[in-house]
Amino acid sequence: MPKSIGFKKINVAVFISGNGSNFKNLIKYSLKENSKFKIGLVISNKSNIKGLNYAKKFKIEKKIINYFNIKKAEKDVLNQLKKNKIDLVCLAGFMKILSINFIKNFNGKIINIHPSLLPKYKGLNTHQRAIDNKEKYSGCTVHYVNSKIDSGKIILQKKVKILKNDTSKRLSRRVLKYEHLIYPKALNKVLSNL
Ligand code: GRF
């Protein structure tokens, strides 16, 4: 059977708040021949961010959501997900916390990338905290999103050695390269279980 027949791509929405390098990288993978997913929507809580340029460049539907009122914001986001027939959400540097109610609505279909070796260093400033605690490794984790911050089931993880004289900036730049490796891999793993 020709590849294009009987094969429906999973429609993914990416949520961002900043540089969007993971977003850009997921776009790159989505455009590969044989990719199981496409990116049908990008959601941002900010209008002036670098990441949104990729939406323009690759002609991806974008929605900027005002998070002044979280209840209203999440209602708007859910409407957008419905309207664009989204199957799965990838958080990629999205700096807003999703409510339990929102997560329930998309249960088991939201994943996130976090710059630490979870369950260590949930929350912010992960690499600095790892350096301060004289850890040998930092890294990154792709995980399912549940009602507790950075606590859902782990899908993939990559250890990155902390070098002598590493700064948080240098380390995060190195880890980001591995984020770009594991996020698409983790996404494919999730898709094969859908
Ligand atoms: C990444 O380090 C990711 O792990 C964290 O936020 C950062 C986003 O980077 N959640 P980018 O916007 O994808 O470049």
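This is a predicted model: local features need pLDDT of at least 70, side-chain atom pairs count only at pLDDT 80 or more; totals for chains, interfaces and linings use all residues.

Trainee: What makes the pair H127 and S138 a polar contact?

Mentor: Their side chains are joined at 2.9 Å. The cut-off for such a pair of N or O atoms is within 3.5 Å, with one able to donate a hydrogen and the other to accept it. The 2.9 Å between H127 and S138 therefore counts as a polar contact.

Trainee: And S138, is this residue buried or exposed?

Mentor: S138 is buried, because a relative accessible area of 3% falls under 20%. S138 belongs to strand β6, residues 137-144. S138 and I162 are 24 residues apart in sequence, while their C-alpha atoms are 6.3 Å apart in space.

Trainee: Let us turn to the ligand. Which residues surround the ligand?

Mentor: The shell consists of N19, G20, S21, N22, G93, I113, H114, P115 and E179.

Trainee: How do the shell residues divide into nonpolar, polar and charged?

Mentor: Two are nonpolar, six are polar and one is charged. Mind the convention when you check this: Gly counts as polar.

Trainee: Which atoms of N22, I113 and E179 come up against the ligand?

Mentor: For N22, a backbone N or O atom lies 2.9 Å from a ligand oxygen. For I113, a backbone N or O atom is 3.0 Å from a ligand nitrogen. With E179, an N or O atom in the side chain is 2.9 Å from an oxygen atom of the ligand.

Trainee: How much of the ligand does the protein bury?

Mentor: Taken alone, the ligand exposes 370 Å², and the protein buries 80% of that.

Trainee: Where does the ligand sit?

Mentor: In the largest pocket. To say that a molecule sits in a pocket, more than half of its atoms must lie within 2 Å of the pocket's grid points.

Trainee: Good. Now the backbone: what makes the bond from L118 to P119 stand out?

Mentor: That peptide bond is cis, with omega near 10°. Most peptide bonds are trans. P119 is placed in the loop between β5 and α5.

Trainee: What is noted about the phi of K59?

Mentor: K59 has a positive phi of about 55° although it is not a glycine. Most residues other than glycine have a negative phi. K59 lies in the loop between α2 (51-57) and β3 (62-64).

Trainee: Why is K59 called exposed?

Mentor: Because its relative accessibility is 75%, and exposed means over 50%.

Trainee: How do you know which label F7 gets?

Mentor: F7 has a relative accessible area of 39%. Buried needs under 20% and exposed needs over 50%, so F7 is partly exposed. F7 is in the segment before β1 (10-16).

Trainee: Last one: why do Q80 and N25 count as buried?

Mentor: Q80 is at 13% relative accessibility and N25 at 9%; both values are under 20%, so both residues are buried. Q80 is in helix α3, residues 70-83, and N25 is in helix α1. In C-alpha to C-alpha distance, Q80 and K63 are 7.9 Å apart, and N25 and Y54 are 10.0 Å apart.

Terms used: Residues are numbered from 1 along each chain as its sequence is written. Side-chain values use heavy atoms; hydrogens and water are left out. A residue is near a molecule or strand if one of its heavy atoms lies within 4 Å of it. Accessible areas come from the Shrake-Rupley method with a 1.4 Å probe; for residues, only the protein chains shown count as cover. On a 1 Å grid over the protein atoms alone, a cavity is a set of points where a 1.4 Å probe fits but cannot get out, and a pocket is an open set with protein on both sides within 12 Å along at least five of seven lines; lining residues have an atom within 4 Å of a point. Helices (H or I, at least four residues) and strands (E, at least two) are DSSP runs, numbered from the N terminus. Buried means under 20% relative accessible area, exposed over 50%, partly exposed in between (1.4 Å probe, protein chains only).
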